[in-house]
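Try each task before reading its solution.

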Amino acid sequence: MITSCDSDVDAGQFVVGSDNLAVTNKVILIDTATVEVATINFDSLITSGQSRILLGNYDDPIFGKVSSDSYFQLTSSSYNLQTTSSDTEGANYVFDSIRMVLVPDKYYYGDTTQVQSISIHRLLQKVKPNTDDDNFYNNSTLNYDAVNIGTASFLPKPLKQDTVFVKMDNSFGDALFQKLKTREITTEDEFIEYFKGLVIRSTAVNSSCVVGFQVSSVLQLYYSKKVTDEQTSILKEFTISDVAKQFNKISLDRTGTVLKDLPGTTGRLSSDLTENKSFIQSGTGLACRIDFPNIKELKYITEKGAIVDAQLFIKPVNNTYSKNHPLPDSLNVYVADQLNRISGTLNSATGNPIYAILNKDEDEFDENIGYSIPLGTFMQNEMVKTSDSKLALILTIPTISKAVNRVVLGNQKNTGNKIELKIYYISY
């Protein structure tokens, strides 16, 4: 019990004026309210238009087998051979080689000391969504030729910007070159009808990371024109000109993990059934749901009262994060209904979005490491709500659609990583 000061108090949207505050008013600290924590699954995240080619796979000991393949459509600025040439028929041009050039964008997650292997396949479908919303999702897929037209193995060095060059099949390159040379392809529509696009698949058995590449990555076709005994090499490039026509298929095989029984999008898996832990993972759609089932009971503490502040402190579970699996600096916080339908971000009384901010101050037992969320406005609004409906909080990682970062959080029963809720209630 703490004696209040004589000043206005903002209790969410309810303001307690200084006239109602006196030395006899009491502020009560409540730290025993029930907090229910669960894991939910958004089974479709938009991964097109994210400006990242995401490739790789690894076997996560907690979450399961993670994998990401990338699909995209290519186009060119023109569909004729060298325009400065006076030889309009291109009779003397000959095919040299073709390759895919992948440029890292500095994103990686996992252990980069293992060799990464990829294969490139030709799409059999145009990069066109089956739905009416023009988006592709983490579970979207397109048919492709099972026979690859290029493979590569490399040691990922994303921070050094080491470009990955993938030599492509000469018969594929020569066939494309002949279509251009004979003027069978002169427009973008004709090009896409013949060459619908590519998928790059992660094929390494022992890969242990996922790596990001820039959408400025390019398919390079080299050809030349023989002049007497000399041969001049000419380059033609095909690029991802429309990022909406590039997407990543990100999958998670949860077989054998505590998440194996995760229900559909409208359900939830209680942390009581998953070793007192909740799970968040970008790319695969895993998120943490937090409910406050007894919040309405607080209004019966006194005849007149209000929540003046509330703080939630949720901790990552020890030994679930490391240099290879770092904690994100913040988490997005959303408000959702009983069916996990998000209505918007959690906002302060002034309307600004609230984030769960990581406290990085280390101590001997890592007890201070965790995410803080101010909940004064939210808790006051939920307490005084007249309807029986209750809102919950949904926590996600900011890079939810273009990465595979993950976090494991403890519930109220988790030994050493217990979630803490402190509510400050004033009677007046």
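A note before starting: this is a predicted model.

**Exercise 1. Describe the overall build of the chain.**

Step 1: Begin with the secondary structure, which comes to three helices and 28 strands.
Step 2: Turn to the dimensions. Along the principal axes, the C-alpha atoms fill a box of roughly 100 × 40 × 35 Å.
Step 3: Check this against a compact globule of 428 residues, for which the radius of gyration would be near 22 Å; the chain has 28 Å.
Step 4: Look at the contacts with a separation of 6 or more: 80% of them join residues 24 or more positions apart.
Step 5: Finish with burial, where 49% of the 428 residues count as buried.

**Exercise 2. Is Val407 buried or exposed, and which residues does it touch?**

Step 1: Locate Val407 in strand E27, residues 406-410.
Step 2: Val407 has a relative accessibility of 1%, and buried means under 20%, so Val407 is buried.
Step 3: Leaving out residues up to four places away in sequence, Val407 touches Phe63, Ser278, Phe279, Ile280, Leu327, Pro328, Tyr371 and Ile397.
Step 4: Pick out Phe63 from that set: Val407 and Phe63 lie 344 residues apart in sequence, yet their C-alpha atoms are 9.9 Å apart.

**Exercise 3. Characterise the largest pocket and its lining.**

Step 1: Take the volume, about 180 Å³.
Step 2: Twelve residues line the largest pocket, with Leu346, Asn347, Thr377, Phe378 and Asn381 nearest its centre.
Step 3: Sort the lining by type: five residues are nonpolar, six polar and one charged.
Step 4: Trace the lining to its elements. Helix H3 (residues 376-384) gives the largest share, four residues.

Key
Residues numbered from 1 in each chain as written. Predicted model: local features only at pLDDT ≥ 70, side-chain atom pairs only at ≥ 80, totals over all residues. Heavy atoms only, no water. 1 Å grid on protein atoms, 1.4 Å probe; cavity = no way out; pocket = protein on both sides within 12 Å on 5 of 7 lines; lining within 4 Å. Points joined across faces, edges and corners; volume = space filled by probe spheres on them. Helix = DSSP H or I, 4+ residues; strand = E, 2+ residues; numbered from the N terminus. Nonpolar A, V, L, I, M, F, W, Y, C, P; charged D, E, K, R; others polar. Buried < 20%, exposed > 50% of the residue type's maximum accessible area, 1.4 Å probe, protein only. Contact = heavy atoms within 4.5 Å. Rg over C-alpha atoms; globule rule 2.2 N^0.38 Å.
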